[in-house]
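Biologist: I'm new to this one. Could you walk me through how to read it, one feature at a time?

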Amino acid sequence: MSDIISQLKWRYATKKFDATAKLSEAQLDLLQEALQLSPSSFGLQPWGFVIVSDPEVRKKLSVAAWGQPQITDASQLIVLCRASVMNQSNIDSYIAAVAEQRGVTPASLTGFSQMMSGSIAGKTSTQLVEWMARQVYIALGVLLATCAVESIDACPMEGFDNAQFDQILDLPAKGLASVVICAVGKRAADDSYADLAKVRFPKEKVILTV
Ligand SMILES: Cc1cc2nc3c(=O)[nH]c(=O)nc-3n(C[C@H](O)[C@H](O)[C@H](O)COP(=O)(O)O)c2cc1C
């Protein structure tokens, strides 16, 4: 069995973290780099990732997440956010980055820029919000897979109040809105969920070949 499959079997949505176990700086750097390397549609990266360590802030966030213990007990809580808005200014920043990092002129990217502008103009603001959230979920998948490979425990979570999280973390001022969160750290030795069988539909049911 390949390492990735054995690690995907090892991982589970950790319910009880060891509150005394902290991830190393190297582990945290690696998770941040994995988030940064996540792919997105057009490469536009309409997101930001807030790493929350502060215990006082996490106490407040816990209240806005129905007291789920992962919020306060994990080593860190990562709040995966979408951009508040997506407009021509986001596209221009991205085009400037492409030009700089690939050593080409912005003028040579005019067609690409217009294609992105057209795609965005064709979406309603609700569709844009949903589209950005989908990009953020790709980053969540990359984060979970990276945690698995690195034997870092994680719990992806949607069970929180977005508006309250946004307010507590002052996200609008940062041009962000929360989408999904992920607690990371080390499982508690007595987390009973670690021993539960993984429940997945059989491959024959979910994989179709044509
Ligand atoms: C998008 C998403 C949101 C989730 N939200 C929560 C949550 O709020 N609280 C929680 O304890 N688990 C949450 N989970 C964990 C799932 O219940 C868990 O991943 C699923 O049952 C599969 O089990 P496994 O991850 O242990 O293999 C969430 C998982 C995902 C992918």
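Modeller: Happy to. Let's begin at a loop: Gln 45 sits between H2 and strand S1 (47–52). Keep in mind that this is a predicted model.

Biologist: What is the phi of Gln 45?

Modeller: First the general idea: most residues other than glycine have a negative phi. Gln 45 isn't a glycine, yet its phi is positive, about 50 degrees.

Biologist: Is Gln 45 buried, exposed or partly exposed, and why?

Modeller: Gln 45 counts as partly exposed because it has 18 C-beta neighbours inside 10 Å.

Biologist: Where is Trp 66, and what is its phi?

Modeller: Trp 66 lies in the loop joining helix H3 (55–63) to helix H4 (70–73). Trp 66 is not a glycine either, and its phi is positive at about 50 degrees. This residue is exposed, because 10 other C-beta atoms are within 10 Å.

Biologist: Let me step back. How many helices and strands are there?

Modeller: The chain has nine helices and four strands. Going along the sequence, their order is α-α-β-α-α-β-α-α-α-β-α-β-α. The C-alpha atoms fill a box of roughly 60 × 50 × 35 Å along the principal axes.

Biologist: How do I read contacts along the chain?

Modeller: Ask how far apart in sequence the partners are. Here, among contacts with a separation of 6 or more, 82% are between residues 24 or more positions apart. For a distance in space, take Leu 196 and Tyr 12: they are 184 residues apart in sequence, but their C-alpha atoms are 9.1 Å apart. Leu 196 is in the loop between S4 and helix H9 (203–206), and it counts as exposed because it has 10 C-beta neighbours inside 10 Å.

Biologist: And what about the inside? Which residues have the most contacts within the largest nonpolar core?

Modeller: In soluble globular proteins, nonpolar side chains tend to be buried together. In this chain, 26% of the 210 residues count as buried. The largest nonpolar core has 39 residues, and those with the most contacts inside it are Leu 80, Cys 81, Val 136, Leu 143, Cys 182, Ala 183 and Val 184. Two or more residues of this core come from each of helix H2 (25–36), strand S2 (76–83), helix H7 (125–149), S3 and strand S4 (176–185).

Biologist: Which residues does Ala 183 touch, leaving aside neighbours within four places?

Modeller: Its contacts include Phe 17, Ile 71, Leu 77, Ala 154 and Met 157.

Biologist: At what angle do H2 and H7 pack?

Modeller: The angle is about 145 degrees, and the axes are 9 Å apart. The crossing of H2 over H7 is right-handed. From H2, Leu 31, Ala 34 and Leu 35 meet Ala 139, Val 142, Leu 143 and Thr 146 of H7. By class, that contact has six nonpolar residues, one polar and no charged.

Biologist: Last one: which residues are around the ligand?

Modeller: Among them are Tyr 12, Lys 15, Gln 68, Glu 158, Val 180 and Lys 198. Strand S3 (residues 153–157) gives the most to this shell, with three residues. Sorted by class, the shell has six nonpolar, two polar and three charged residues.

Key. Residues are numbered from 1 along each chain as its sequence is written. This is a predicted model: local features need pLDDT of at least 70, side-chain atom pairs count only at pLDDT 80 or more; totals for chains, interfaces and linings use all residues. A residue is buried if 20 or more other C-beta atoms lie within 10 Å of its own, exposed if 12 or fewer, and partly exposed in between; C-beta atoms are placed from the backbone. Two residues are in contact if their C-beta atoms, placed from the backbone, lie within 7 Å. A residue is near a molecule or strand if its C-beta atom, placed from the backbone, lies within 6 Å of it. Ala, Val, Leu, Ile, Met, Phe, Trp, Tyr, Cys and Pro count as nonpolar, Asp, Glu, Lys and Arg as charged, and the others, Gly among them, as polar. A nonpolar core is a set of buried Ala, Val, Leu, Ile, Met, Phe, Trp, Tyr and Cys residues joined through C-beta atoms within 7 Å. Axes are lines fitted to C-alpha atoms, for helices over the stretch in contact, and angles run from 0 to 180 degrees between N-to-C directions. A crossing is left-handed if the near helix is turned anticlockwise from the far one by less than a right angle, and right-handed if clockwise.
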